[in-house]
Amino acid sequence: MSSRFNVPSWVRKHNLSDGDWKKASAAQLDAIKHGLSKFNSKDPIVSVVIPVWNEEKNLLRTLSSFSAMELKYPTELIIVNNNSTDSTQALLDRLGVRSLLETKQGIAHARLAGLRASKGKYQLCGDGDSLYPPHWVETLVKPLMDNEKITCVYANYSFLPFGKAGRIQLGFYELLAEILFEYRRIRREFLNVRGANFGFRIEQGLAVKGFEMPVTRVFDNDESSANFVVFGEDGRMGRKLGEIGKLKLVRNNKARMWTSSRRLLKDGTLFNAFIKRIQKESGKLIEYAFGPKKLKHTTDDFVTKS
């Protein structure tokens with residue numbers, strides 16, 4: 001069976017059965033804290049920024065995966081707490097992770113705060129409910145180091161099994177998503193850029209103002225909110241960086257992140273998610289191949305939920 005349809009051993013190590021950090025032992029927390037100390041570089045080349053909002057049940061898994069990373073370059077890790085009301089900050093304090101508080105609600109505001117606070121040359125963007133492979137940093141940043149014409153890198157993702165959705169079903173769903181990725185690359189590649197797994201040069205990210213959004217996702221993981229935004233600052237940053245250089249899809253499992261399938265399965269079943277994806281994308285295939293008649297920032301930068 002192809003590895004696509006299996007969960008890698010490194011993922012199983014960090015996909016704790018219960019992500020509630022309060023139920024972890026002191027020894028487990030101390031071990032993760034020790035592993036995370038490698039990210040306390042005072043003169044980093046790479047800055048990893050992760051915005052979070054109420055992730056007390058998921059963030060320990062993410063930080064556990066970072067604690068096991070092997071770093072080739074001096075790297076800093078910045079967690080931007082976007083007004084969490086749960087014990088997210090207490091977890092960050094317990095593990096000694098550098099954190100910032102962004103009081104302006106919205107993921108774009110959190111990403112922008114992290115970008116402005118970054119000290120490195122390159123920034124990698126992550127997510128608070130995802131797992132990252134041991135060589136993620138060096139694999140994703142390498143194309144930026146090797147080729148000045150590349151201004152933005154991004155990589156694929158896989159879903160963690162949940163409920164009745166096993167890895168075989170999820171693997172086929174991911175194949176569909178990656179076919180769409182390839183089709184979008186003809187004229188609309190920036191749509192492939194997702195905030196949980198992409199990177200760029202900090203100087204260029206600041207220059208193009210990609211995270212400065214007129215409207216942003218207010219509560220990123222709360223789709224019941226009237227202010228939930230489907231598409232936002234990640235695609236905007238990808239588009240703006242694509243205007244001054246090239247986007248690069250890193251096809252390497254060392255850069256592939258694994259994430260929760262909770263949003264994917266919000267419609268009840270994977271079949272429902274598949275049908276919804278087909279309906280959503282079928283009307284856009286011409287646009288992906290030939291581009292829109294006119295690029296409208298109001299629709300390309302953000303789409304609010306009605």
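Because the model is predicted, local features need pLDDT of at least 70 and side-chain atom pairs count only at pLDDT 80 or more, while totals for chains, interfaces and linings use all residues; side-chain values use heavy atoms, with hydrogens and water left out.

The protein has 12 helices and 10 strands. These are DSSP runs numbered from the N terminus, with helices being H or I of at least four residues and strands E of at least two. Strand pairing requires that DSSP finds at least two bridges between the two strands. Strand β4 (residues 122–125) and β8 run antiparallel and are joined by 4 bridges. Strand β6 (residues 150–155) also pairs with β8 in the antiparallel sense, over 3 bridges, and here Cys152 stands opposite Phe200.

Strand β8 itself spans residues 198–201 and is covered on both faces. Phe198 and Phe200 lie on one side, Gly199 and Arg201 on the other, and all are buried. Buried means under 20% relative accessible area, exposed over 50%, and partly exposed in between (1.4 Å probe, protein chains only). Helix α3 (residues 59–67) is mostly covered, with 9 of its 9 residues buried; among them are Arg61, Phe66 and Ser67. Across the protein, buried residues make up 55% of the 306 residues.

Accessible area, from the Shrake-Rupley method with a 1.4 Å probe and, for residues, only the protein chains shown as cover, comes to about 14,200 Å² for the protein, 54% of it belonging to carbon and sulfur atoms. Ile168, Phe172 and Leu175 form a nonpolar surface patch with about 270 Å² of accessible area together. Ile168 is in helix α7 (residues 167–184) and counts as partly exposed because its relative accessibility is 42%.

Confidence is given by pLDDT, the predictor's confidence in each residue from 0 to 100. The mean pLDDT of the protein is 85, and 78% of its residues reach 70 or more. Over residues 223–230 the pLDDT is below 50, yet this stretch has 25 contacts in the model beyond near neighbours in sequence, a contact being heavy atoms within 4.5 Å. Where pLDDT is low, the predicted coordinates should not be read in detail.

Technical notes. Residues numbered from 1 in each chain as written. Patch = residues over 30% accessible without salt bridge, like charges linked within 9 Å, V, L, I, M, F, W, Y side chains within 5 Å. Salt bridge = Lys/Arg side-chain N within 4 Å of Asp/Glu carboxyl O.
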